[in-house]
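Subject: Structure handover

Hello,

Here is the structure for you to open.

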Amino acid sequence: MTTVYSIISAILYIVLAPFLGALLAGVDRKITARMQGRKGPRLLQPIYDVQKLLKKQTKVINRVQMLYLVTFLFFILVTGVLFFAGYDILFVLFTLTTANIFLVIAASSGHSPYAFMGAGRELVQMLAYEPMVLIAAIGLYVITNSFKVSEIVVHNGLPAIVYLPGIFLGFIFILTIKLRKHPFDLSTSHHAHQEMVKGLTTEFNGIMFAIVEITHWYETIFLLGMCALFFLNNQWWSVILAFVCLAICYFVEILVDNTNARLKWRTMFGNTWIVTAVLGALNLIVIEVLKGKGVI
């Protein structure tokens, strides 16, 4: 991947990711409404909602809260830019974790017990899904012999999903947490009747809440990009395969969100670690054994 191509990819991510993320959010709402027997809002409704938020008066609990949220957005931007520019995937995941920590700090800096509880649950969720994210990066390295995204997407041989089905399923499992879908939307929720109201985002309003929504759009595109790594190789048809599989995976996430009730954090934590051990670690061990015998 040339420097020019890296720069172009990074610029396209910065410019296009929020619009694509907003469109996916609109598709999510539309499909959810259809599943519930409703017509649903327009596809561009998420953009209209953010426009309203940007025009509203913002009540800031303290001065540093806005700084933390802007830093959260900044590090998500850096995460996506590094990823689509083809840099080391471990460094990319490190910046992603850093971004989420600033979101937790922003929520904890207020005075709402709901926000503080949501921040605590966000930390628990991070402890739950981080091992699976790391295993996914290691699995891609074992298959492609590189941590660089630019080399993973053009590697020779079959798509990584052929060798890493368990790791991919484990990653899709924790994607439910990252996309804040049922049954794992524990730190915040789009369902206001639940016990924490809006949890992590309870005290965010106006521009602050708009920042959170825009950042979530950026993060969604990055996460789908991570999923695409399991299908891409140096063949042109792998791009089509990736798009089709990502569409199916996103629909499955919406389906799971609408057919499952919210679980307790202990259940989420235990199930996530079981999935990480059974699907992720076991798949990694099998691949290493096969590679040692020269099968791969």
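Contact here means heavy atoms within 4.5 Å. Buried means under 20% relative accessible area, exposed over 50%, and partly exposed in between (1.4 Å probe, protein chains only). Helices are DSSP runs (H or I, at least four residues), numbered from the N terminus.

Two notes on the source. This is a predicted model: local features need pLDDT of at least 70, side-chain atom pairs count only at pLDDT 80 or more, and totals for chains, interfaces and linings use all residues. Residues are numbered from 1 along each chain as its sequence is written, and side-chain values use heavy atoms, with hydrogens and water left out.

Helix α9

α7 with α8
The axes of these two helices come within 11 Å and cross at roughly 175 degrees. That makes α7 roughly antiparallel to α8. Axes are lines fitted to C-alpha atoms, for helices over the stretch in contact, and angles run from 0 to 180 degrees between N-to-C directions. Angles under 35 degrees count as roughly parallel, over 145 as roughly antiparallel, 65 to 115 as roughly perpendicular and the rest as oblique. From α7, Phe168, Phe171, Ile172, Leu175 and Lys178 meet His216, Glu219, Leu223, Met226 and Cys227 of α8. By class, this contact has seven nonpolar, one polar and two charged residues. Ala, Val, Leu, Ile, Met, Phe, Trp, Tyr, Cys and Pro count as nonpolar, Asp, Glu, Lys and Arg as charged, and the others, Gly among them, as polar.

α1 with α2
Helix α2 spans residues 45–55. α1 and α2 pack at about 115 degrees, with their axes 7 Å apart. They are therefore roughly perpendicular to each other. Phe19, Ala22, Ala25, Gly26 and Arg29 in α1 meet Gln45, Pro46, Ile47 and Asp49 in α2. The classes here are five nonpolar, two polar and two charged residues.

Aromatic pairs
The whole structure holds 13 aromatic pairs. Rings of Phe, Tyr and Trp (its six-membered ring) pair if their centres lie within 6.5 Å; planes under 30 degrees apart count as stacked, over 60 as edge-to-face and the rest as tilted.

The rings of Tyr13 and Phe84 are stacked, because their centres are 5.1 Å apart and their planes at 25 degrees. Tyr13 sits in α1 and Phe84 in helix α3 (residues 63–84), 71 residues apart. Tyr13 is buried at 4% relative accessible area. Phe84 is partly exposed at 25%.

Phe171 and Phe230 form a tilted pair, with centres 6.2 Å apart and planes at 45 degrees. Phe171 lies in α7 and Phe230 in the loop between α8 and α9, so the pair ties together parts 59 residues apart in sequence. Phe171 is buried at 2% relative accessibility, and Phe230 is buried at 0%.

Ring pairs also link Tyr13, Phe83, Phe84, Tyr218 and Phe222 into a cluster.

Lys39
Lys39 is in the loop between α1 and α2. It is exposed, at 63% relative accessible area. Lys39 touches Lys30, Ala33 and Arg34, not counting residues up to four places away in sequence.

Best wishes
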